[in-house]
Amino acid sequence: MASIARAHPNIALVKYWGKANDELIIPVAGSMSMTLDQFATTTSVELATGNDTFELNGTTADAKATGRTTAFLDVVRSLAAEAGLDTAEAHAKVVSTNEGPTAAGMASSASGFAALATAAAHAYGLDLSVKDLSRLARRGSGSALRSLIDRFAVWHAGTSDETSYAEAISAPDMAMVSVTVNTQAKKVSSRDGMVATRETSPFYQAWIDTTVTTLNEMIAACAAEDFTRIGQITETHAHRMHAVINATHPPIRYLAPVSWQVFEEVTAMRDDGLEAYATADAGPNVVIICRPTDADAVAQRVATFGQVNTFLPGPGAHLVDVA
Ligand code: 2P0
């Protein structure tokens, strides 16, 4: 009996960058995102004897990925023990497939842990609400908790395991056009980059303060269905995140020259009356938000900079089958 779940990546409009608690993955500030409608991860979890095993995209995962999966399953097992379930000691066979191109940098750890949390909770016999599944997914990877939510999500930072969770927020319909750029840049993981930022960036407290304010502004802009304001907040906030990261020592630079060219092109689009705004995560790829009716025009404007994909708001993580 395998439990199978599907989840999609999410892209933040208000970014998560920095932890108040590294073990529980409690962030220093809340964030807000759109769940995508493509590049799903499908994960099956089947209880088994012997060690936990993890197969990713058809091959046995490396030791680091397997260790992270086992650590996550330990959290699930501890919840099963608290609930008095006889699955609490069981190991699991985990098989996961990403539909997105592996090199696309489209938050596969978010869809991965959202799908794993959903499938593993079911396999171990836990009956969790979406809120509690988001809290569980957070233990695997912070951004994964937002992929539990349909369309648009807010992560309430909270101050404890209980109070740090995701829930839906209503926002005007929009599209995201991702530009996957070609670069040889060596990537510092988000996890390591966040620690370096906390330890060495002199702007860290300002970043925390501005993110708290920005999330409140974003929630108000969503309530007002003000796409222009949402876009302006998104682009400014992305640059503030890269600014605090750039100020680490030694410096971390996630954006590449071609990323800046895409930002320039988005400014030019606006000058031409095509309303679009850009953001970027811990890597050189740029994601452009626009109205769905403008997505084809935006995609054409950036086609020469890299591989272009267009997304609409998608579903939160869900069980698809119990074989
Ligand atoms: C975000 N990022 O809000 C931000 C923007 C990257 C830049 O969430 O350590 O992989 O597993 O909690 O979730 C990436 O962070 O980090 C991320 P962990 P995660 O989407």
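Predicted model: local features only at pLDDT ≥ 70, side-chain atom pairs only at ≥ 80, totals over all residues.

Trainee: Is C222 buried or exposed?

Mentor: C222 is buried, with a relative accessible area of 2%. C290 is buried as well, at 0% relative accessibility. Buried means under 20% relative accessible area, exposed over 50%, and partly exposed in between, with a 1.4 Å probe and protein chains only.

Trainee: Changing topic: what is the strand order in the open sheet of four strands?

Mentor: The order is 13-14-12-15, and the pairing is antiparallel. Strands (E, at least two residues) and helices (H or I, at least four) are DSSP runs numbered from the N terminus, and two strands pair if DSSP finds at least two bridges between them.

Trainee: And which are the edge strands?

Mentor: Strand 13 (276–279) and strand 15 (307–311), each pairing on one side only. From one strand to the next, the twist averages 25°.

Trainee: How many bridges join strand 12 to strand 15?

Mentor: Five, with strand 12 covering residues 175–180 and the two running antiparallel. For a landmark, V179 has V308 in strand 15 as its bridge partner.

Trainee: Which strands does helix 7 touch?

Mentor: Helix 7 (residues 257–271) packs on the sheet and touches strand 12, strand 13 and strand 14. Its direction makes about 160° with that of strand 13. Helix 6 (residues 227–246) lies across strand 13 and strand 14 (286–290), at about 30° to strand 13. Contact means heavy atoms within 4.5 Å; axes are lines fitted to C-alpha atoms, for helices over the stretch in contact, with angles from 0 to 180 degrees between N-to-C directions.

Trainee: Let's do rings. How many aromatic pairs are there in the whole structure?

Mentor: A search finds six. One of them is F39 with F311, an edge-to-face pair at 5.1 Å centre to centre and 80° between the planes. Rings of Phe, Tyr and Trp (its six-membered ring) pair if their centres lie within 6.5 Å; planes under 30 degrees apart count as stacked, over 60 as edge-to-face and the rest as tilted.

Trainee: Where in the chain do F39 and F311 sit?

Mentor: F39 is in the loop between strand 5 (31–35) and strand 6 (41–48), while F311 is in strand 15. They are 272 residues apart, so the pair links distant parts of the chain, and both residues are buried.

Trainee: Which ring does K131 lie over?

Mentor: The face of Y165, at 4.4 Å from the ring centre. A charge sits over a ring if NZ of Lys or CZ of Arg is within 6 Å of the ring centre and within 35 degrees of the ring normal.

Trainee: How many residues of strand 10 are buried?

Mentor: Four of its five, so strand 10 (residues 152–156) is mostly covered. Strand 5 runs antiparallel to strand 10, joined by four bridges, and S33 has A153 as its partner there. Four bridges also join strand 10 to strand 11 (residues 165–168), again antiparallel, where A153 is partnered by A168.

Trainee: Last one: what does strand 7 pair with in the parallel sense?

Mentor: Strand 9 (residues 91–98), over four bridges, with strand 7 at residues 53–56. E55 has V95 as its partner in strand 9, and T60 as its partner in strand 8. Strand 7 and strand 8 form a hairpin with two residues between them, and N57 in the turn has a positive phi of about 50°.

Key
Residues numbered from 1 in each chain as written. Heavy atoms only, no water.
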